[in-house]
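Visitor: I am new to this one. Please show me the structure, and then let us talk it through.

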Amino acid sequence: MSDSLPTTPDAVRQRAAAADNRRRRKARPASRQWRRRGLMTAYIVFVLLPIYWLLNMSFQSNTEILGGLTLWPESFTLEHYAKILTESSWYMGYVNSIAYVLMNMLISIAVALPAAYAFSRYKFIGDKHLFFWLLTNLMAPPAVFLLPYFQLYYTVGLFDTHIAVALAHCLFNIPLAVWILEGFMSGVPKEIDETAFIDGYSFPKFFVKIFIPMISSGIGVTLFFLFMFSWVELLLASTLTSTGAQPIASVMTQTKGASGIDWGALAAAGTLTILPGIVVVYFVRNHIAKGFALGRT
Amino acid sequence: MNKVYNNRAWWLILPMLLLVAFSAVIPLMTVVNYSVQDVFDANTRFFTGTEWFREMLNDPGLQAALARQFAFSLTVLAIEVPLGIGIALIMPKKGWQASAVLILVTMPLLIPWNVVGSIWQIFTRGDIGLMGWSLRELGYGYNITASPVDAWATIILMDVWHWTPLIALLCFSGLRSIPDAYYQAARIDRASKWAVFRYIQLPKLTNVLVIGVLLRFMHSFMIYAEPFVLTGGGPGSSTTFLSQSLTTMAIGQQDLGPSAAFSLIYFLIILLVTWVFYTAIMNMQKDDNNKEA
């Protein structure tokens, strides 16, 4: 661009609009738009195909499943869902999973909020080392901790309770929450804190009344990730429970009976594990679409 | 941001520290304790020093599992990161389609890991699975319980299906946080699409990509439930990754000492790779910042 062009905001905006129009007419014909949609559709088909197959199978009777391949349920049946929703050994699995996931989300966010605030606002002895140490807990393979966890929770009498799984999942969920929240908090100007303190707010009051509402979308995104990683984890959850707090994921292994695998029940149970996730994404979709840049900027 | 030096910030950290320490430090110390002892029963144990570590490092089975693990992690990263960025770039940004696509794309992430294994087991079986059946109908003798190549390809496809959404989701969010003014400026300069991607979108994505790649590396390195359900580590041990070897050793065979030593080695490898990666990225960013300044 030459220097002689006017640089007032209006002129610039006009030029941008003109360039826009030129581009729309020239460089972005309809075919390009269609290619984009085609690729997106192809990817979504790839994502949905295995899930469709699960759904398809969950509505078939076991004889139809094993009788041969059918692309949609020909003898539509809800028997597997009925079985899962009426037998307590099945549906308690969902109740247990949801119970420890909610506990974990609550604990993690409650302790991560002040910690993330400290990391984003203050320097203190050992802060950098502490932050890296936190991240290392994200990297600890659950398989490493299986045996010690079993012994630890057995010793303190928490074995086979919801809180045991919730605490165990804190290992990776708290560091993740601190990491994500710290990024959001660093985006809030520090002047806001200072002004609030000058106005006579105490720290707790400022934190709850002013600061938390300002990062509400950050908290939404964090809760989404907390839910996700706690809901999908199986190794620790099934090691720390036997019958009283067994998660659905390990209840599903019971479908391997003497007469082979009960495919229909497995498919129906699998389908039901997808639903809570969809509900959670539905709630946070706007926070995600609004855009966030994680990490330190 | 200018941070104030204040050691009272420790009080804000304390609750978090206690909880994480309870979950991390005590079990880790137990592992360290086992790794240097030979435990016969509750009262008889011998101090063995570094013997278990030496034994584990020289174990050919574990070396093979480690090599497989690296091959797997690098392959899935090489596929998922570019694919995820691509998906994020073509995801619709407005209206009901944006919400619908977002929910559909995110779905695989929120399925419990062993259910992911089950889904793919059902999907790829030769007799009742859509993909397995179709491949056989097309004349390819697809069989994941007999052919290591098929088993590998299927596990990688499953992982791409399962985890590309994480990269796509993070990138989509990162892209949405770029102010419109940047794109306007690029249009005024008549920047090409590639230039817009290289000089506007990619730099803004660095942060989310660092998190995405780190999470993906760590999780792929710890992968357990999905291959365990899908292939059970076979055929032979061709898809037995580190977590599974470790779990078999610790729970199945009750070899506390060796498996503890192995755990520590495993943890240290992840730590080392992640640290190298993290430092490299941070230095790159620092260089960039210095250039700008």
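Guide: Start with helix α8 (residues 162–186) of chain A, which has 25 residues. The model is predicted: local features need pLDDT of at least 70, side-chain atom pairs count only at pLDDT 80 or more, and totals for chains, interfaces and linings use all residues. Residues are numbered from 1 along each chain as its sequence is written, while chains are lettered from A and ligands numbered from 1 in the order in which they are written.

Visitor: Where does α8(A) bend?
Guide: A bend is the angle between axes fitted to the seven residues ending at a residue and the seven starting there. In α8(A) this angle is about 50°. A proline, A:Pro175, follows within four residues of the bend, which is at A:Leu171.

Visitor: Is B:Ile119 buried or exposed?
Guide: B:Ile119 sits in helix α5 (residues 113–124) of chain B. A residue is buried with 20 or more other C-beta atoms within 10 Å of its own, exposed with 12 or fewer, and partly exposed in between; C-beta atoms are placed from the backbone. B:Ile119 has 28 such neighbours, so it counts as buried.

Visitor: How many residues of α8(A) are buried?
Guide: This helix is mostly covered. Of its 25 residues, the buried ones number 23.

Terms used. Helices (H or I, at least four residues) and strands (E, at least two) are DSSP runs, numbered from the N terminus. The expected span of a helix is 1.5 Å times one less than its number of residues.
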